[in-house]
Amino acid sequence: MRLLLAEDEKELSAALTAVLEHNHYSVDAVYDGQDALDYALTENYDGIILDIMMPKKSGLEVLAELRRSNINTPILMLTAKSEVNDRVTGLDTGADDYLTKPFAMSELLARIRAMTRRRSEFSPNVLSMGRITLNRANFELSGEKASYRLGNKEFQMLEMLMSNPGRLISTEQFMERIWGYDTEAEVSVVWVYISYLRKKLAALDAGVEIRATRGVGYSLEECQ
């Protein structure tokens with residue numbers, strides 16, 4: 001299950017991301033409201049967690065723009081404020097739930113499970129292409145005769161490719177979405193994970209392959 005986390009306190013964001021990934025969520029973390037809006041408008045998420053007080057755009061502004069754009073992804077608002085007016089404004093603007101800082105991680109997880117339950121009724125939990133399926137719930141990549149449990153970054157890369165069949169995704173996009181803007185990882189890490197995925201797809205006789213377009217990026221294509 002894929003989440004967008006918009007939280008400008010980087011230490012808190014890192015802690016939340018670690019807990020969510022430990023609980024088998026795939027997380028895109030951003031640190032300001034403009035990036036939150038851009039990601040939410042261009043990617044498919046099962047849930048969005050928005051801090052209210054963020055640079056560039058507030059969480060409430062992002063929420064309002066998403067709802068005006070008919071993005072109905074469940075949204076949980078986070079805030080350090082506890083005033084009733086903030087809660088009312090968020091809920092009236094279209095938030096699905098509200099959580100005031102500080103909060104227990106167990107409560108955050110429970111709120112996420114509750115708000116994504118509705119979403120899961122309408123969004124397929126399994127992506128299919130060629131002769132493979134990718135289960136978003138347990139990160140399992142399956143073929144006709146075998147399956148693999150993917151690591152978190154392998155899963156996120158393949159999910160991006162399978163969600164956009166035939167579309168070129170650049171190395172920079174993989175780095176930004178999966179490793180984050182401030183990562184110290186080298187771009188070569190993308191090539192390493194592409195190699196891992198290619199080997200798994202070949203072993204599964206997937207009927208699809210990851211093709212490289214030199215200087216542009218990678219795309220998932222059905223084999224001819």
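This is a predicted model: local features need pLDDT of at least 70, side-chain atom pairs count only at pLDDT 80 or more; totals for chains, interfaces and linings use all residues.
In helix α7, which spans residues 171-179, the buried residues are Thr171, Phe174, Met175, Arg177, Ile178 and Trp179.

Strand β3 (residues 47-51) is largely enclosed by the rest of the structure, because 5 of its 5 residues are buried. In a regular strand, side chains alternate between the two faces of the sheet. Both faces of β3 are covered, with Gly47, Ile49 and Asp51 buried on one side and Ile48 and Leu50 buried on the other.

Strand β1 (residues 2-6) runs parallel to β3 and is joined to it by 4 bridges, and within this pairing leucine 4 has isoleucine 48 of β3 as its bridge partner. Strand β4 (residues 75-79) likewise runs parallel to β3, again through 4 bridges, and here leucine 50 stands opposite methionine 77 of β4.

## Leucine 127 in strand β6

Leucine 127 belongs to strand β6, which covers residues 126-129. The relative accessible area of leucine 127 is 13%, and since buried means under 20%, this residue counts as buried. When neighbours within four places in sequence are left aside, leucine 127 is in contact with Ile132, Thr133, Leu134, Arg136, Glu159, Met162 and Ser163. Leucine 141 lies 14 residues from leucine 127 in sequence, and their C-alpha atoms are 9.5 Å apart in space.

## The chain as a whole

The chain contains 8 helices and 11 strands, and its C-alpha atoms fill a box of roughly 60 × 35 × 30 Å along the principal axes. A compact globule of 224 residues would have a radius of gyration near 17 Å, and the 18 Å computed for the chain therefore agrees with that expectation.

Of the 224 residues in the chain, 49% are buried. Among contacts between residues at least 6 apart in sequence, 56% join residues that are at least 24 apart.

## Surface and charge

The chain exposes about 11,000 Å², of which carbon and sulfur atoms supply 48%. There are 26 positive and 34 negative charges in the chain, and the mean positions of these two sets are 4 Å apart.

Conventions: Residues are numbered from 1 along each chain as its sequence is written. Side-chain values use heavy atoms; hydrogens and water are left out. Helices (H or I, at least four residues) and strands (E, at least two) are DSSP runs, numbered from the N terminus. The radius of gyration is taken over C-alpha atoms; the globule rule is 2.2 Å times the number of residues to the power 0.38. Buried means under 20% relative accessible area, exposed over 50%, partly exposed in between (1.4 Å probe, protein chains only). Contact means heavy atoms within 4.5 Å. Accessible areas come from the Shrake-Rupley method with a 1.4 Å probe; for residues, only the protein chains shown count as cover. Lys and Arg count as positive and Asp and Glu as negative; His and the chain ends are not counted. The place of a charge is taken as NZ of Lys, CZ of Arg, CG of Asp or CD of Glu. Two strands pair if DSSP finds at least two bridges between them.
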